[in-house]
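Me: I'm new to this one. Can you walk me through it?

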Amino acid sequence: DHWLKKLSYELGVEQSTLAEEMARIKREQPKNYIQDAASTTVAKQIKETPQAEQYSKINLLTENFFTLIFKFSSLFSQYALKLRPEFFAQSQFAGLYESLKKHYNGNIDLDTVKYDLSKDEQSLVDILLLKLDKDYSGFDLKEATKEAEILFEAIKSDWQKNKRQELNAKL
């Protein structure tokens, strides 16, 4: 309990949220779980399940995109008119997109953005903030702009590909 409190304090996440996530991860572990083989097991599961592969791909793209938006809020104004809700419908970040769109005023106030989100979505925002420090701490605006453009194009392309597949399936 002491270490859980310490970790929640260090991460800036509620202790109950952290405990719930840890319990969920523990429940979802396979019976024959081996610590060293964890990453290869997950990778095999994703490759074996095409739907899971698509789901994780769009989530990874949107996760990175929103992480950059949090660090460089001016990027959101560059993409506000290009972004469409459909791009995020297959990801877990649809609510975050809607909240950002609703509350963006040239700056991003995370408390206001998080107000409209469910508890799970608020936890996702906290995770993105941690990812920001880990993955994008050395980025400047120029690098972030290039990276955001690449991510946006990938999100758009993935959405178009999925839409084509849906239409072909209907035919």
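Reply: Start with a salt bridge, meaning a side-chain nitrogen of Lys or Arg within 4 Å of a carboxyl oxygen of Asp or Glu. Asp116 forms one with Lys102, with the closest N and O atoms 3.4 Å apart. The pair links distant parts of the chain, 14 residues apart: Asp116 is in the loop between helix H7 (110–115) and H8, Lys102 in helix H6. Helices here are DSSP runs (H or I, at least four residues), numbered from the N terminus.

Me: What kind of model is it, and how are residues numbered?
Reply: It is a predicted model: local features need pLDDT of at least 70, side-chain atom pairs count only at pLDDT 80 or more, and totals for chains, interfaces and linings use all residues. Residues are numbered from 1 along each chain as its sequence is written, and side-chain values use heavy atoms, leaving out hydrogens and water.

Me: Back to the pair. Is Lys102 buried or exposed?
Reply: Lys102 is exposed, at 59% relative accessible area. Buried means under 20%, exposed over 50%, partly exposed in between (1.4 Å probe, protein chains only). Asp116 is partly exposed, at 34%.

Me: How many salt bridges are there in the whole structure?
Reply: A search finds 8. One of them joins Lys134 and Asp135, at 3.1 Å from N to O. Shared partners tie Glu63, Lys131, Lys134 and Asp135 into one network.

Me: New topic. Which residues of H9 are buried?
Reply: Among them are Leu151, Phe152, Ile155 and Trp159.

Me: And how far apart are the end C-alpha atoms of H9?
Reply: They are 43 Å apart.

Key: Helices (H or I, at least four residues) and strands (E, at least two) are DSSP runs, numbered from the N terminus. The expected span of a helix is 1.5 Å times one less than its number of residues.
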